[in-house]
Each structure stands twice: as C-alpha cells, then as structure tokens.
Amino acid sequence: MADLNDLPAEPRRGFLPIHTNTFDRCFIAVVLFVAIHLFWMRFLEASLSLTVATVLSVIVGAIVIARG
Amino acid sequence: MRSSTVGWLFLAPTLVILFIFGVLPFLYVLVIGFTQWNSFAADPTMQYNGVENFRRLVFDEQFLYSLWLTLKFGFFAVTSQILLGYFLAQLFMRDFPGKGFFRTIHTLPLVIAPIAVGATWRLMLVPGLGPIPYYLRQWFGYDLNISRYVDQAFLATVVMDVWHWTPLVTLTMLAALASLPKEPFEQAQIDGANRFQIFWHVTLPLLKPAILATVFIRLMDALRTVDEVWMLTGGGPGAATRYIGLHIWRVVFPKTDYGYGSSMSLITLYLTIVMCWLLYAGLVARRDLKRVD
C-alpha cells in the first residue's frame with residue numbers, strides 16, 4: 001500500500017508564478033481545459049470547430065504539467 | 001503491521017463514507033451533465049448529448065445574469081461579513097460591561113435555520129405588514145418595498161446574509177486573534193510602529209490563514225445560497241434576486257430539466273473552486289514565493 005509520504009508532492013518552480021507540485025499542475029491543466037472549451041463555445045465555435053479547442057487544451061495542459 | 005497500513009485502516013471508514021456521499025453523487029451529476037434528461041419530455045429517457053448542455057448555457061442570458069447576480073451578492077456579502085466580523089472580534093478582545101451577554105446574543109443568529117431566517121426577515125420587511133417599512137415611512141418618509149424595487153431587494157438579501165453569518169466570522173477571528181503571539185506586537189511597539197503599521201504589517205499577516213479560511217467557507221456558502229433568499233424574495237422582483245442556486249432549482253425541479261440543471265451545477269462548482277484557488281494563489285502562494293526568493 002502506498003505511503004502518503006511517497007506521493008509526488010515536492011513543490012517546484014516553473015514558469016507559473018507560484019511553487020506547484022504535480023497535483024497543482026494537473027488541477028491548473030483541468031481548469032484551463034474547461035475554461036478554454038467554455039470560451040471557445042461562446043466566442044469562437046461559429047468559425048472554428050470545438051476539436052481545435054480540445055487539441056489546444058491538451059497541448060496547454062501538457063505544457064503546464066511538464067514546465068509549470 | 002506497517003504504520004501506513006494502520007493509518008489507511010483508520011482512514012477507511014471516512015473514505016468510504018466520503019466516496020458514497022461525496023464522490024459518487026458528484027460523478028452522477030457529472031454524467032447527467034452530459035445528457036438530455038427531462039422526465040416530462042416526449043422522450044423521458046436519459047440520452048447522451050455531448051457538450052450540448054454547456055453550449056446552451058454559455059448563451060443562456062438568464063443563467064449568465066443569475067451568475068453575475070450571485071457573484072455580486074457573494075462579493076458584497078462576504079466583504080461586509082469579513083470587515084464587520086473583524087471589528088466585532090476586536091471589540092470582543094477588549095473588556096466592557098455586559099461583554100458575555102452581548103457575545104451570546106451576537107452568536108444567536110448562527111443557530112437559526114436559514115429558512116426561519118428568511119421567513120423572519122420577510123415578516124419584518126414585507127410591505128404593508130413589516131415594521132421596518134412602516135417605521136422608515138413614518139420617520140423618514142422612505143419607501144422601502146422589496147417586492148417592487150430591485151436594488152432594495154438585492155440589498156435586503158445581502159443584509160440578511162450578513163446578519164446571519166457575521167457571527168461565524170467573528171468567532172473565527174476571535175479565536176485567531178486570541179491565539180496570536182504577543183512578541184511580534186511588543187517588538188513592533190519597541191520599533192516605534194503606529195497602530196495602523198502594527199495592523200498592516202503584524203496583525204493582518206498573522207491573521208491571513210484564518211481570514212482566508214473564513215473567506216473560503218463564506219464564499220462557498222454565499223455562492224450556493226437558496227433557502228434564505230427563496231423565503232425572503234422568492235428570487236424577485238422579476239429575476240432581481242434569482243441567484244444561481246435558485247435558478248438551478250427552477251430548472252431542475254419545476255422544469256425537470258435534469259441534464260441542463262446538472263451542467264449548470266457543474267459550472268457553478270467549477271467557478272467556486274477556481275475563485276477559491278485564485279484567492280489562495282494570489283494571497284498565499286505568491287507571497288510565500290516572494291519570501292523564498
């Protein structure tokens with residue numbers, strides 16, 4: 001059984017203006033994923049498909065998790 | 001047996017209960033949020049419809065208006081409660097005659113059920129019956145009518161919420177103020193700091209965790225307020241006090257549009273979490289980072 005101390009919670013500094021651990025960066029990625037989709041549906045979907053938003057969100061999320 | 005295994009065993013009952021009553025209902029709402037499900041529609045079965053509910057709600061003027069009203073309500077109510085709660089806590093830190101009695105009276109609103117608070121305020125404010133509009137008209141010639149005037153209805157809901165929940169903030173602040181160490185204040189006084197400087201550079205930073213926790217609790221409560229406002233104004237006049245909780249209730253129960261109501265609930269939850277996180281990141285994490293650097 002995993003020990004709570006084994007979880008990857010070590011804070012680090014990336015391009016985000018705060019120290020974050022893996023959970024923080026995943027959380028920020030999910031928040032951005034939802035925000036980008038809602039924004040896209042409201043303002044851009046008439047001209048660009050929602051799939052573009054999904055691809056963009058996944059890329060942004062990956063960058064945040066890897067470099068944030 | 002390893003200590004971590006024992007720890008997990010102790011945690012297990014709580015985790016099971018949390019999973020059944022917290023995680024499972026959330027997952028259920030998450031699933032329903034992506035479906036078309038209206039028990040009185042031509043097809044009352046639950047059918048997956050992708051992001052259609054979310055696409056609908058970003059253009060739903062009533063939903064967006066309710067959201068804006070709720071944010072406005074949350075801002076005014078929580079700010080007032082924090083300021084008033086802090087000043088009352090400072091007052092209770094001093095000795096004065098009847099302090100114990102006043103403190104007891106002051107915390108009484110906390111034990112009253114929200115529905116009873118709404119009913120009481122309605123009885124006090126309803127035009128033609130309540131004493132407050134009567135005396136305001138008699139003494140000042142002021143026409144208070146929460147059934148007619150939009151601003152007055154909004155203000156009444158804010159004042160009612162402040163009356164009900166300020167004691168909670170006061171108690172939290174009081175506990176935080178009582179637990180502050182004396183040394184930093186003595187050092188600041190020796191350094192010649194005035195009262196404002198002591199408040200700004202010593203008291204406020206030391207109280208920050210308590211203030212932040214209280215703001216989180218009150219903000220979450222304010223964003224999901226339903227019963228008090230329902231009793232006081234019923235969401236009116238028009239839609240002037242139809243906060244997001246009331247709006248979701250109208251969609252889910254009278255209109256039985258479960259799928260759309262669930263998607264609105266999810267977005268409300270999302271916004272609540274994001275606002276609390278932004279507050280935390282802006283006030284705590286960023287400042288801690290500066291300290292490290």
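Predicted model: local features only at pLDDT ≥ 70, side-chain atom pairs only at ≥ 80, totals over all residues.

Entry 1, the helix pair. I looked up α3(B) against α9(B) and found a right-handed crossing. Helix α3 covers residues 61–92 of chain B and helix α9 residues 195–223. Their axes come within 9 Å and cross at roughly 145°. Next I listed who makes the contact. From α3(B) I noted Thr70(B), Phe73(B), Gly74(B), Ala77(B), Val78(B), Gln81(B) and Ile82(B). From α9(B) come Ile211(B), Thr214(B), Val215(B), Arg218(B), Leu219(B), Ala222(B) and Leu223(B). By class, I have nine nonpolar, four polar and one charged residues in this contact.

Entry 2, the whole chain. I find twelve helices and two strands in chain B. I read the order from the N terminus as α-β-β-α-α-α-α-α-α-α-α-α-α-α. The C-alpha trace spans about 75 × 75 × 35 Å along its principal axes. Of the 293 residues in chain B, 28% are buried. I also checked contacts with a separation of 6 or more: 70% of them in chain B join residues 24 or more positions apart.

I have chain B divided into domain 1 (1–32) and domain 2 (33–292). Their C-alpha centres lie 29 Å apart. Four residues from domain 1 of chain B and nine residues from domain 2 take part in the contact. I sorted the domain 1 side by class: four nonpolar, no polar and no charged residues.

Conventions
Residues numbered from 1 in each chain as written. Chains lettered and ligands numbered in written order. Helix = DSSP H or I, 4+ residues; strand = E, 2+ residues; numbered from the N terminus. Buried ≥ 20, exposed ≤ 12 C-beta atoms within 10 Å, placed from the backbone. Contact = placed C-beta atoms within 7 Å. Domains from an automatic or database assignment. Nonpolar A, V, L, I, M, F, W, Y, C, P; charged D, E, K, R; others polar. Axes fitted to C-alpha atoms, helices over the stretch in contact; angles between N-to-C directions. Left-handed = near helix turned anticlockwise from the far one by under 90°.
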